[in-house]
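Here are my notes on the model, point by point. Please read them with the structure open.

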Amino acid sequence: MSRSDDVLKVHRLAHTGGSAALLEWLAGRLGGWAGVVDAEEGRGPESAVRGVAEMNARGVRSAILHGAGSATLLFALDGGRALAAVLSRPHHPEASTLLADAAVPLALVLRAEEAARREARAALAESRAREAVLHLLMNGRLSTARQIAEALGPTLPEPMRMYVVECRTGQRGEVTRRCEELTGGRAWIVRCPVYVRHLIVLVPADLAAASADHDPLAGALVEVAPDCAVGASGEMCLREAPAAYTQAFHALAVARGRDERHARFGPGPELALAAHGAGAGWAEALLAPLHAYEPRRPQDPGAQELRATAHAWLNFTSHATRLLKIHRNTLAARLRLVETLLGLDLARLGDQAALSLALRLTSGARPGGAAAAAAPDLDEVLRDPRLTAWARAHLRPLTGPDAPSGARATVRTWLAHDAQLVPAAAALGVSVPGARKRLTRVEALLERSLLQSPSARHDLWLAHRAEELAR
């Protein structure tokens, strides 16, 4: 091949294959070893590492070192590195020319690759920081969340509506760009740390649609791709972010079954509001051992971390490891400690529901809570007339004119088997897919997610128990 052919090949490889492809071709073309050597890192043939150090010390741009049966050719790059080739003697007479021709494009492509790596690291750091803001919001750490969000931009909106957008992973970038365009850059967007197909968007209330039947933002996001779906919460303040996320997630379950592919959280009484007057003392008493817990070692989780772990697991079950960035064994150990402290069996749906309600009725870990003996038990709380009214309103769709036959019995059986699909299907005398289809129809009736977390199973259990006590 002529020199011009070699130069053309070098530039083509640098453009299409990067530094790795170019170095591999140089090694094959010259019949030896070729690579980039940095004397400080010390990786590469000994003669090349020694030669680069000598070049840097003397301030020269190229060198040839002769050894026993081999020659090391060196051409300086930026950053104290060099393009090196170790060839058997006698080597190709045009080797020096080829390496000199390759040094400049190689230096350029190395800079481009390093810039791409820095950009990827910066993008990952921003993504993790946004996840941290979401985690802080979900655990009531509003001041810290606002400070980090201010640095990332834009500011966290308040009041706001929360949207959960479901789309293919390859479409999240386009959905993000579309959302920023439609909101003038005022929406705060974060990729869901639990579900890879979800984006969580906090939209200023003045930009969100006032009507559940007409939501231009949700409609425009759905148009990005045919399989996109969007669920939106009601208008809420930042301290209500956990409830807003749950609302948007339940609305997403409804949106999947609609032609327009988007939905607003349906009207209905909120359990935490209905139960606050009767249940606040009970919740503080139940969680008092957890709030008063002090770890033996500094590296062990404290009360606030255990509380966050329990909340994440109740919402996302085993997927909580993704949200908390912990190993599944660590999650299991923390949950065992929570069970021990509170005297609960978290394999039972009733105990899960009690803990879920208690966490929603308290704001955080505060040592010195109410004494357990002075507080009512859960059944006494659920007998309150406000809870009875909430339960009847919550369960009314299961017995309404649009409810399929046996909807109430299906839900009752599923709850009696701790919301486990396999034993519930056996008790109902249907297949597991058949039981799943029944519960999917119930999801549409209740406008709540049941089969995918965060699920309404805890609220359903509490509603059924409250109704039983009223009867």
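1. Terms and numbering. Helices (H or I, at least four residues) and strands (E, at least two) are DSSP runs, numbered from the N terminus. The model is predicted: local features need pLDDT of at least 70, side-chain atom pairs count only at pLDDT 80 or more, and totals for chains, interfaces and linings use all residues. Residues are numbered from 1 along each chain as its sequence is written, and side-chain values use heavy atoms, with hydrogens and water left out.

2. Two cis prolines in one loop. Pro159 sits in the loop between H5 and E5. A cis peptide bond links Glu158 to Pro159, with omega about -5 degrees. Pro154 is also placed in the loop between helix H5 (142–152) and E5. Its bond to Gly153 is cis, with omega about -10 degrees.

3. Glu166. This residue belongs to strand E5 (residues 160–166). Is Glu166 buried or exposed? Glu166 has a relative accessible area of 9%, so it is buried. (Contact means heavy atoms within 4.5 Å.)

4. Leu202. Look for Leu202 in strand E7 (residues 198–204). Its relative accessible area is 0%, so Leu202 is buried. Leaving aside neighbours within four places in sequence, Leu202 contacts Leu137, Leu156, Pro157, Met160, Arg161, Met162, Arg186, Ala187, Trp188 and Leu238. Leu271 is 69 residues from Leu202 in sequence and 23 Å away in space, C-alpha to C-alpha.

5. Nonpolar cores. A nonpolar core is a set of buried Ala, Val, Leu, Ile, Met, Phe, Trp, Tyr and Cys residues joined through side-chain atoms within 4.5 Å. The largest has 89 residues, and Tyr245, Trp282 and Leu355 touch the most other members. A second, separate core has 26 residues, among them Ala27, Ala95, Val109 and Leu110.

6. H16 against H19. Helix H16 (residues 407–416) packs on helix H19 (residues 457–470) at about 105 degrees, with axes 10 Å apart. (Axes are lines fitted to C-alpha atoms, for helices over the stretch in contact, and angles run from 0 to 180 degrees between N-to-C directions.) H16 and H19 are therefore roughly perpendicular. (Angles under 35 degrees count as roughly parallel, over 145 as roughly antiparallel, 65 to 115 as roughly perpendicular and the rest as oblique.) H16 brings Arg408, Val411, Arg412, Trp414 and Leu415, and H19 brings Arg457, Leu460, Trp461, His464 and Glu467. By class, that contact of H16 with H19 has five nonpolar, one polar and four charged residues. (Ala, Val, Leu, Ile, Met, Phe, Trp, Tyr, Cys and Pro count as nonpolar, Asp, Glu, Lys and Arg as charged, and the others, Gly among them, as polar.)

7. H13 against H19. Helix H13 (residues 349–361) also packs on H19, at about 100 degrees, with axes 9 Å apart. H13 is therefore roughly perpendicular to H19. Leu349, Gly350, Gln352, Ala353, Ser356, Leu357 and Arg360 of H13 meet Arg457, His458, Asp459, Trp461 and Leu462 of H19. This contact of H13 with H19 divides into five nonpolar, four polar and three charged residues.

8. Positive phi. Which phi values deserve a check? Thr317 has phi near 50 degrees, a positive value in a residue other than glycine. Thr317 lies in the loop between helix H10 (303–316) and helix H11 (320–324). At 26% relative accessibility, Thr317 is partly exposed. Asp418, also not a glycine, has a positive phi near 55 degrees. Asp418 is in the loop between H16 and helix H17 (421–428), and is partly exposed at 29%.

9. Gly343. This glycine falls in the loop between helix H12 (328–342) and H13. Gly343 is exposed, at 64% relative accessibility. Gly343 and Trp25 lie 318 residues apart in sequence and 67 Å apart in space, C-alpha to C-alpha.

Key: Buried means under 20% relative accessible area, exposed over 50%, partly exposed in between (1.4 Å probe, protein chains only).
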